[in-house]
Amino acid sequence: MDTKIDNSTLSLIQGDITQQDTEAIVNAANARLAGGGGVDGAIHAAGGPSIMAECRKIGGCPTGQAVITVGGSLKARYVIHTVGPVYQGGMNGEAALLKSAYLESLRLASARGLKSLAFPAISSGVYAYPPNQSARIALKTVMDYLREHKDIELVRFVLFNQSMYDIFAEELRKLRGNL
Ligand code: AR6
């Protein structure tokens with residue numbers, strides 16, 4: 001499912017983020033940049049040890065911030081590592097932190113002159129963010145950014161399973177209806 005935001009494309013696909021050919025892919029990392037399971041484990045496994053070598057040098061990344069490394073043997077030249085919040089009921093600033101994780105990733109891509117990037121559903125796995133709420137925050141943040149910045153041509157959300165794809169598609173339709 002593709003939608004135009006001014007001159008940019010916002011795309012939803014079901015798939016594996018490690019296979020994407022965007023200039024950067026985004027990793028849902030932890031604050032120590034120590035690797036782990038989920039999409040983080042898949043990216044390090046597919047991209048090889050040069051990604052972790054750079055993560056060690058960087059040392060860590062606070063929740064809601066983002067850092068960038070090489071993409072190793074991935075098709076993507078770069079990996080942007082961001083840290084989403086652990087969902088703890090919603091009264092601990094989770095929404096602002098999740099928005100910030102997307103926004104800081106987009107800002108980093110712009111700062112590097114990148115034109116395309118792919119996101120997973122940050123915080124929607126181990127970190128247990130309710131899927132509809134996380135999808136809405138993800139989509140709204142990216143749509144607002146693409147309206148205000150013309151440099152990024154493509155943002156692709158890569159949803160790992162059909163149910164998450166359907167949730168993103170539903171929230172995107174609602175947000176488009178609110179234009
Ligand atoms: N491509 C796209 N999406 C994926 C892939 C993949 N290859 N693999 C999983 N997902 P999670 P979090 C989806 O748990 O909630 C790690 O251990 C998955 O189905 O990867 O932000 C880190 O080290 C889910 O919808 O990230 C942290 O400690 C989404 O990616 C912690 O987990 C995010 O799930 C971060 O937790």
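How many disulfides does the structure hold?

1. The structure, which is a predicted model, holds 0 disulfides. A disulfide requires a pair of cysteine sulfur atoms within 2.5 Å. The sulfur of Cys55 lies 9.4 Å from the closest cysteine sulfur, that of Cys61, and is therefore too far away for a bond. Cys61, likewise, is in no disulfide, since its nearest cysteine sulfur is that of Cys55, 9.4 Å away.

2. Are these two cysteines buried or exposed? Cys55 is buried, with a relative accessible area of 1%. Cys61 is also buried, and its relative accessible area is 3%.

3. Cys55 belongs to helix H2, which spans residues 49-58. The buried residues of this helix are Ile51, Met52 and Cys55. They cover an arc of only 90° around the axis, which means that they lie on the same side of H2.

4. What do the buried residues of H2 pack against? Their partners are helix H1 (38-47), strand S4 (66-70) and strand S5 (78-82). The face of H2 turned away from the buried side carries the exposed residues Pro49, Arg56 and Lys57. Just after H2, Gly59 takes a positive phi of about 95°.

5. H3 passes H4 in a right-handed crossing. On the H3 side, the contact is made by Ala95, Leu98, Lys99, Tyr102, Leu103, Leu106, Arg107 and Ser110. H4 contributes Ser134, Ile137, Ala138, Thr141, Val142 and Tyr145. Sorted by class, the contact of H3 with H4 has 9 nonpolar, 3 polar and 2 charged residues.

6. The last point concerns Arg156, which is found in strand S7 (residues 154-159). Is this residue buried or exposed? Arg156 is buried, with a relative accessible area of 16%. Leaving aside neighbours within four places in sequence, Arg156 is in contact with Ser11, Ile13, Gln20, Asp21, Thr22, Leu117, Ala118 and Phe119.

Methods:
Residues numbered from 1 in each chain as written. Predicted model: local features only at pLDDT ≥ 70, side-chain atom pairs only at ≥ 80, totals over all residues. Heavy atoms only, no water. Buried < 20%, exposed > 50% of the residue type's maximum accessible area, 1.4 Å probe, protein only. Helix = DSSP H or I, 4+ residues; strand = E, 2+ residues; numbered from the N terminus. Contact = heavy atoms within 4.5 Å. Left-handed = near helix turned anticlockwise from the far one by under 90°. Nonpolar A, V, L, I, M, F, W, Y, C, P; charged D, E, K, R; others polar. Arc of directions from axis to C-beta.
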